[in-house]
Amino acid sequence: MTDEVKTKFCKYCGEKIPEDAVICTKCGRQVEEIKSSKSENVIINNNVNGFYGNSRKQCDKWVSFLLCFFLGGLGAHKFYEGKVGLGVLYFLTAGLCGVGWFIDIISILFKPNPYYV
């Protein structure tokens with residue numbers, strides 16, 4: 001006797017998924033309506049942000065500000081946020097010739113503490 005799982009196909013990507021699945025395990029899109037015994041609305045938050053999924057880095061506003069103010073031309077605040085590519089660009093161009101450094105100082109001041117990157 002075999003316990004074979006009944007499957008269906010995702011209507012968006014065509015992947016085989018379990019018959020009772022509401023969200024596709026490959027593409028992450030909702031394939032069926034959610035059946036709830038309650039009359040309230042159900043919200044599914046299935047956001048995948050960034051290359052590594054839902055990993056978000058928490059940064060302190062004032063650490064980032066001080067790094068930007070004193071070492072912004074070297075891109076220290078970009079390295080602190082985990083943006084290595086922009087950090088190298090700032091390092092090689094002296095903070096985008098000072099323009100990027102100045103814009104970053106102003107934008108960091110308007111961010112909440114802590115902020116997420």
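**Reading the fold, the helices and the charges**

Mentor: Among contacts in the protein chain between residues at least 6 apart in sequence, 34% join residues at least 24 apart. Keep in mind that this is a predicted model.

Trainee: In what order do the elements of the protein chain run from the N terminus on?

Mentor: Start with the tally. The protein chain holds four helices and four strands. Read from the N terminus, the order is β-β-β-α-α-α-α-β.

Trainee: What share of the 117 residues counts as buried?

Mentor: First, know the cut-off. A residue is buried when its relative accessible area is under 20%. The protein chain exposes about 8900 Å², with carbon and sulfur atoms supplying 59% of that area. Of the 117 residues, the buried share is 22%.

Trainee: Which residue caps the N-terminal end of α1?

Mentor: Look for a side-chain oxygen by the backbone nitrogen of Trp 62.

Trainee: How wide an arc do the buried residues of α1 cover around the axis?

Mentor: Pick them out first: Lys 61, Ser 64, Phe 65 and Cys 68 are buried in α1. They sit on the same side of α1, because the arc they cover is only 100°.

Trainee: Which elements do the buried residues of α1 pack against?

Mentor: Follow the contacts, meaning heavy atoms within 4.5 Å. One partner is β4, residues 115-116.

Trainee: Now α4. Within what arc do its buried residues fall?

Mentor: In α4, residues 99-109, the buried ones are Gly 100, Asp 104, Ile 105 and Ile 108. Seen down the axis, they line one face of the helix, because they fall within an arc of 140°.

Trainee: Which residues are exposed on the other side of α4?

Mentor: Separate the two sides. The buried residues of α4 pack against α1, α2 and α3. On the other side, the exposed residues are Val 99 and Ile 103.

Trainee: Is His 77 buried or exposed?

Mentor: Find His 77 in helix α2. Leaving aside neighbours within four places in sequence, His 77 contacts Ser 64, Leu 67, Cys 68, Gly 72, Tyr 90, Asp 104 and Ile 108. Its relative accessibility is 1%, so His 77 counts as buried.

Trainee: On to charges. How many salt bridges does a search of the whole structure find?

Mentor: Side chains of opposite charge can pair when their charged atoms come close. The test used here is a side-chain nitrogen of Lys or Arg within 4 Å of a carboxyl oxygen of Asp or Glu. Searching the whole structure gives four.

Trainee: How many residues apart in sequence are the parts tied together by Lys 78 and Asp 104?

Mentor: The side chains of Lys 78 and Asp 104 meet in a salt bridge at 3.6 Å, N to O. Lys 78 lies in helix α2 and Asp 104 in helix α4, so the tied parts are 26 residues apart.

Trainee: Are Lys 78 and Asp 104 buried or exposed?

Mentor: Apply the cut-off again: buried means under 20% relative accessible area. Both Lys 78 and Asp 104 are buried.

Trainee: Where do Glu 15 and Lys 26 lie?

Mentor: Their side chains form a salt bridge at 4.0 Å, N to O. The pair links distant parts of the chain, 11 residues apart. Glu 15 is in the loop between β1 and β2, and Lys 26 is in the loop between β2 and β3.

Trainee: Which residue is linked with Glu 81 and Lys 83 in a network of salt bridges?

Mentor: Begin with the pair. The side chains of Lys 83 and Glu 81 meet at 3.6 Å, N to O. Glu 81 is buried at 5%, whereas Lys 83 is partly exposed at 32%. The network also takes in Lys 111.

Trainee: Last one. Which helices each supply at least two residues of the nonpolar patch?

Mentor: The patch covers about 1000 Å² of surface, and its members include Leu 66, Phe 70, Val 88 and Phe 91. Leu 66 lies in helix α1. At 47% relative accessibility, Leu 66 counts as partly exposed. The helices asked for are α1 and α3.

Methods. Residues numbered from 1 in each chain as written. Predicted model: local features only at pLDDT ≥ 70, side-chain atom pairs only at ≥ 80, totals over all residues. Heavy atoms only, no water. Patch = residues over 30% accessible without salt bridge, like charges linked within 9 Å, V, L, I, M, F, W, Y side chains within 5 Å. Areas by Shrake-Rupley, 256 points an atom, 1.4 Å probe, with all protein chains shown as cover. Buried < 20%, exposed > 50% of the residue type's maximum accessible area, 1.4 Å probe, protein only. Arc of directions from axis to C-beta. Polar contact = N/O pair within 3.5 Å; in protein donor to acceptor, adjacent residues only side chain to side chain.
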